[in-house]
Amino acid sequence: MSIWWSLHLRRDAASVPLARRLLLGTMETAGVDPEISYDLSVALSEACANAVEHGGDTTRGGTSEAYRVTAYLDGEKCRIEVADAGPGFPSATGAPSRPPVRPAPSDAEHGRGLCLIQALADHVHIGNKPGRGGAVVSFDKILKWREDAPLVAV
């Protein structure tokens, strides 16, 4: 069984719950275990919130009004990718970088998203798009299925 979808969303806070609900609905319909669905939906919400907040194309004098979310449920794994057209993650050398993910202080109001994604997913890749600018956060998780799952992987 394989399901995938891709959304081109405005960089607006209202787009975050839209992406989250679509993911939850897809996984519920397919029969994914609710705990796995919840973990992935929280990770997706954090990645989308980062794209909304930081995904503007400020390095070229403009602003990007959109970001992309793609989700793949393929066999026993779900992979999610969130890509924006912003400045990407900083790099000392100017090359595509993988930012260090540091835990935020306990009283911080921002800065926990990437750590949450890493805690909730099995594998995480955080970096910049080669050549075009922008950040890409992708993560995947092994799926568990409900006993009555209509679309369980075979």
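**View 1. Asp39 and Lys141 joined by their side chains.** In this predicted model, the side chains of Asp39 and Lys141 meet in a salt bridge, with 3.7 Å from N to O; the term stands for a side-chain nitrogen of Lys or Arg within 4 Å of a carboxyl oxygen of Asp or Glu. The pair links distant parts of the chain, since Asp39 belongs to helix H2 and Lys141 to strand S5, 102 residues apart. Helices (H or I, at least four residues) and strands (E, at least two) are DSSP runs, numbered from the N terminus. Asp39 counts as partly exposed at 22% relative accessibility, whereas Lys141, at 10%, counts as buried. Buried is used for under 20% relative accessible area, exposed for over 50%, and partly exposed for values in between (1.4 Å probe, protein chains only).

Residues are numbered from 1 along each chain as its sequence is written, and side-chain values use heavy atoms, with hydrogens and water left out. Because the model is predicted, local features need pLDDT of at least 70 and side-chain atom pairs count only at pLDDT 80 or more, while totals for chains, interfaces and linings use all residues.

**View 2. Arg10 and Glu65 in a salt bridge.** The closest N and O atoms of Arg10 and Glu65 are 3.9 Å apart. Arg10 is exposed, with a relative accessible area of 59%, and Glu65 is partly exposed at 43% relative accessibility.

**View 3. Arg146 and Asp148 in a salt bridge.** Here the closest N and O atoms are 2.9 Å apart. Asp148 is exposed at 55% relative accessibility, while Arg146, with a relative accessible area of 25%, is partly exposed. A search of the whole structure finds five salt bridges.

View 4. Leaving aside residues up to four places away in sequence, Val82 touches, among others, Leu44, Ala47, Cys48, Tyr67 and Val137, where contact means heavy atoms within 4.5 Å.
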